[in-house]
Amino acid sequence: MTLNESEKNPLATAPIGNLMVKYAVPSVIALVVNALYNIVDQIFIGWGVGTLGNSATNVIFPLSMIITAFSLLLGDGGAAYLSLELGRQNKKKAQKGVNNTLSWLIIAAIFFLVICAVFLKPLIGLFGATPDNLSYALAYGKIVILGFPFVIIGSGMCSLIRADGTPQLTMIGMIIGCVSNVILDAVFVLGFHWGMEGAAIATIIGQILNFLLCVWYIPRFKTVKITLADMKPQVSLLKKISGMGISSFISQIAIAIVMTVINYYLVHYGTQSKYGADIPLAAFGIAMKFNTILVSLATGIGTGSQPIIGYNYGSGSYARVKKSFSIAAKTA
C-alpha cells in the first residue's frame with residue numbers, strides 16, 4: 001500500500017466522529033443482538049420446559065463464554081494486527097496475519113469441539129449442574145456444542161470483517177441469526193414441544209447462518225486476500241495475535257470464572273434454603289443474561305473504535321488516536 005493509498009483511506013482522513021458512528025453503532029447493535037441469543041432461549045425454555053430448563057442453560061452458559069473468549073482472543077487480536085499493519089503500510093504482514101487468524105480459528109474450533117464432546121458431563125458438573133437439571137443440561141449441551149465451531153470461526157471472523165471496513169455486515173449477520181433463533185424457538189419449543197433439544201437446535205441454526213455470511217465474505221475482503229499459502233499456521237504470528245487479543249479474552253473468561261464460582265455457592269447454599277438449588281440457578285442465569293446486554297453496549301463502543309485507533313496508531317497519527325479514545329471513553 002502506497003502513501004497515496006493511505007491518504008485515501010477513510011480511517012486516516014475522515015472525521016473521527018463520523019468514523020465512530022460508522023464503526024461503533026453497528027458493533028453495539030451486533031453485540032446486543034448476540035446477547036439476545038441466550039435471553040431468547042431463556043424465555044422459550046421458561047415457557048416450554050420450566051425452571052429446571054432455565055437452570056440447565058445457566059450451567060451451559062459459562063462454557064459458551066469460554067468458547068467466545070478464545071474466539072475473541074484470536075479474532076480481536078487478528079483485527080488489531082490487521083489495523084496496525086495497514087496503518088504501517090505493511091500490507092503483506094497484514095494479509096499473513098488475517099490468513100493465520102483464520103487458520104488458528106479453524107484449529108481452535110476443532111479442538112474445542114472434541115474437548116467438549118468428550119468431557120461435556122464433567123464440565124457441566126464443574127459449572128454447577130445438579131442431579132435434577134443434569135439431564136436437561138446434557139440434552140441442551142450435546143446439541144449446542146455442535147454449534148461451537150461455527151461460533152468460534154464466525155465470531156472471530158466478525159472482528160476481522162469489522163477491521164476490514166465492513167462493520168455493517170457483522171451487524172446483519174447477528175440480526176439474521178437472532179431473528180431465525182426467535183422464530184425457530186417458537187416453532188421447536190412451543191410448536192413441536194421439543195424442549196431443550198428444540199431450543200438448542202434453534203440456537204445453532206442461527207449461529208450457522210451468521211457463519212455462512214462470514215464465509216461468503218472471505219473472497220470479498222477489501223484490504224487483503226485470503227490465500228492457502230498465507231494460511232500456513234505460524235506460532236510466531238499466533239503469539240503476536242494472541243497478545244493483541246488478550247484483553248478481550250480476559251474480559252470474557254472473567255465472566256465465566258465468576259459464574260462458575262457463584263453457581264457453586266448457589267447450589268451449595270440453595271439446597272439448604274426453601275428454594276432448593278435450581279431456582280437460584282435459574283434466577284441468577286436470567287440476571288446474568290440481561291447483564292450481558294449492558295456489557296455489550298460498552299464493549300461494542302470499544303470494538304467499534306478498534307479499527308480507527310489501530311490504523312492511526314500504526315500510521316503514527318497519535319492525535320487521531322487520542323481523539324478516538326476520548327470519544328469512545330466518554331460515550332461509554
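This is a predicted model: local features need pLDDT of at least 70, side-chain atom pairs count only at pLDDT 80 or more; totals for chains, interfaces and linings use all residues.
Let's start with the open space. The largest pocket holds about 1,000 Å³, and 46 residues line it. If you want to find its centre on screen, look for Leu31, Asn34, Thr68, Leu72 and Gln252, which lie nearest to that point. H4 supplies the largest share, with ten residues.

Now turn to the packing. The largest nonpolar core counts 90 residues, and Ile124 and Tyr140 have the most contacts inside it. Beyond its neighbours within four places in sequence, Ile124 is in contact with Val59, Ile60, Ala129, Leu134, Ala137 and Leu138. Tyr140 is one of the buried residues of H6, along with Ala137, Leu138, Ala139, Gly141, Ile143 and Val144. Together, the buried residues of this helix pack against H3, H4, H5 (91–126), H7 and H9.

Finally, go back to H4 and pick out Leu74. Why does Leu74 count as buried? Its relative accessibility is 7%, and buried means under 20%. Leaving out residues up to four places away in sequence, Leu74 touches Thr101, Trp104, Leu105, Ala108, Leu238, Ile241 and Ser242. Leu212, by contrast, sits 138 residues from Leu74 in sequence and 19 Å from it in space, taken C-alpha to C-alpha.

Notes. Residues are numbered from 1 along each chain as its sequence is written. Side-chain values use heavy atoms; hydrogens and water are left out. On a 1 Å grid over the protein atoms alone, a cavity is a set of points where a 1.4 Å probe fits but cannot get out, and a pocket is an open set with protein on both sides within 12 Å along at least five of seven lines; lining residues have an atom within 4 Å of a point. Grid points are joined across faces, edges and corners, and a volume is the space filled by probe spheres set on the points. Helices (H or I, at least four residues) and strands (E, at least two) are DSSP runs, numbered from the N terminus. A nonpolar core is a set of buried Ala, Val, Leu, Ile, Met, Phe, Trp, Tyr and Cys residues joined through side-chain atoms within 4.5 Å. Buried means under 20% relative accessible area, exposed over 50%, partly exposed in between (1.4 Å probe, protein chains only). Contact means heavy atoms within 4.5 Å.
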